[in-house]
Amino acid sequence: MAGFVMQSLGCEVAAINTVQLSNHLGYGQAKGTRATATEITDLYDGLKASYLDEFDMMLSGYLPGAPAVEAVGTIGRDLKYKHTMKPGSFFWVLDPVMGDNGRLYVAEDVVPAYKNLVKDADLILPNQFEAETLSGVKIVDMETLKQAITTLHERYRIPHIIITSISLPSPGAEPSLSVVGSTFTSTSTPRIFGVKIPAIDCFFSGTGDMFAALMLVRLREAVFAVEGLNTTAAWVSDDSVEATDLPLARATEKALASMHEVLTNTKQHRDAEIERYNNQIGGRGKDEDEKRLRLVRSKAAEVRLVRNLPSLKNPEVRFRAEKV
């Protein structure tokens with residue numbers, strides 16, 4: 001999904017797939033393989049041998065095990081080293097995929113591997129659980145959220161942070177999704193903003209990859225709109241720039257606009273598909289009917305990217321960043 005989104009927005013992409021699966025895991029079943037660290041390294045070495053390693057940006061997502069995390073870390077550091085003499089000419093976006101909803105879905109040794117890796121990234125995109133895991137701060141309110149972001153900036157020297165899927169107690173409020181971000185100052189002080197969008201009552205798979213790809217493209221776009229910022233190390237704005245005026249905030253607004261449009265349209269299609277299925281006459285056993293319905297629901301909720309290209313390219317930005 002990430003590769004398609006970036007290509008649709010004009011990027012030339014060299015993809016190293018870390019998994020090769022028949023379908024996403026939201027179906028509850030899949031066939032395929034996970035790449036080993038050696039396979040990941042071999043593919044990158046092949047690109048280097050053919051002089052195909054001139055990259056402006058890198059996006060890393062799910063990695064199947066600590067050795068794979070370390071292999072991708074070696075690739076990222078190699079690319080950063082190549083651009084040492086040209087500040088701002090290479091930017092690494094890292095999604096530290098480890099778990100969600102209070103539990104890990106990777107091996108425990110992946111956590112220390114990521115803690116060793118994130119300090120080399122320019123932007124990280126953890127969800128709430130992953131931010132808690134990396135920072136050691138349990139996020140239960142706005143103050144602990146700020147503490148977690150401050151810890152990530154100070155401990156790992158990460159210039160830019162976006163925490164996705166923030167869920168804090170809000171009795172009586174309309175269901176919503178909050179995304180909170182920050183770009184640090186020259187003294188590692190956070191500049192925190194948040195964007196809130198209405199929640200969509202549906203489970204989608206792959207939205208993390210979609211958001212990461214959108215952020216990569218839209219951040220570069222926002223940075224290049226500011227004179228001279230693209231030649232500044234890690235694209236860190238001057239200390240005088242307010243949180244809501246940061247390129248990271250502008251990029252988040254536009255990425256979430258695309259997300260909301262695509263997923264809203266997907267939900268409408270999904271509901272219609274399930275209604276059609278429910279109107280069909282059964283005829284199978286109860287267990288088979290339940291399994292079939294689960295698979296139909298998963299298929300109906302497949303994110304409809306191809307049919308919503310206008311929403312990827314030119315979304316209407318309706319949800320604005322606010323200072324936290």
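View A. Glutamate 54 has a relative accessible area of 62%, so it counts as exposed (buried means under 20% relative accessible area, exposed over 50%, partly exposed in between, with a 1.4 Å probe and protein chains only). This is a predicted model, in which local features need pLDDT of at least 70 and side-chain atom pairs count only at pLDDT 80 or more, while totals for chains, interfaces and linings use all residues. Residues are numbered from 1 along each chain as its sequence is written, and side-chain values use heavy atoms, with hydrogens and water left out. The structure holds 16 salt bridges (a side-chain nitrogen of Lys or Arg within 4 Å of a carboxyl oxygen of Asp or Glu). In one of them, glutamate 54 meets lysine 82 at 3.2 Å, N to O. Lysine 82 belongs to helix H3 (residues 66–82) and glutamate 54 to the loop between helix H2 (37–49) and strand S3 (57–60), so the pair ties together parts 28 residues apart in sequence. Helices (H or I, at least four residues) and strands (E, at least two) are DSSP runs, numbered from the N terminus. Lysine 82, at 35% relative accessibility, is partly exposed.

**View B. Lysine 323 forms a salt bridge with glutamate 242.** Here the closest N and O atoms are 3.4 Å apart. Because lysine 323 sits in strand S11 (residues 322–323) and glutamate 242 in the loop between H7 and H8, the pair ties together parts that are 81 residues apart in sequence. Lysine 323 is exposed at 62% relative accessible area, whereas glutamate 242 is partly exposed at 41%.

View C. An α-helix has 3.6 residues a turn, so residues three or four places apart point the same way. Both partners are partly exposed: arginine 276 at 45% and glutamate 273 at 28%. Elsewhere, salt bridges that share partners join Asp245, Arg250, Glu253 and Arg320 into one network.

**View D. Phe91, Phe224 and Trp235 form one aromatic cluster**. The structure holds 2 aromatic pairs (rings of Phe, Tyr and Trp, its six-membered ring, with centres within 6.5 Å; planes under 30 degrees apart count as stacked, over 60 as edge-to-face and the rest as tilted). Phenylalanine 91 and tryptophan 235 are stacked, at 4.4 Å centre to centre with 15 degrees between the planes. This pair links distant parts of the chain, 144 residues apart. Phenylalanine 91 is buried at 0% relative accessibility, and tryptophan 235 is buried at 4%. Phenylalanine 224 is partly exposed at 42%. Arginine 220 lies over the face of phenylalanine 224, 4.3 Å from the ring centre (NZ of Lys or CZ of Arg within 6 Å of the ring centre and within 35 degrees of the ring normal).

**View E. Helix H5 is largely enclosed by the rest of the structure**. Take a look at residues 128–135: 8 of the 8 residues are buried. Among the elements they pack against are helix H4 (110–117), helix H6 (142–156) and strand S8 (160–166) (contact means heavy atoms within 4.5 Å). After H5 comes glycine 136, whose phi is positive, near 80 degrees.
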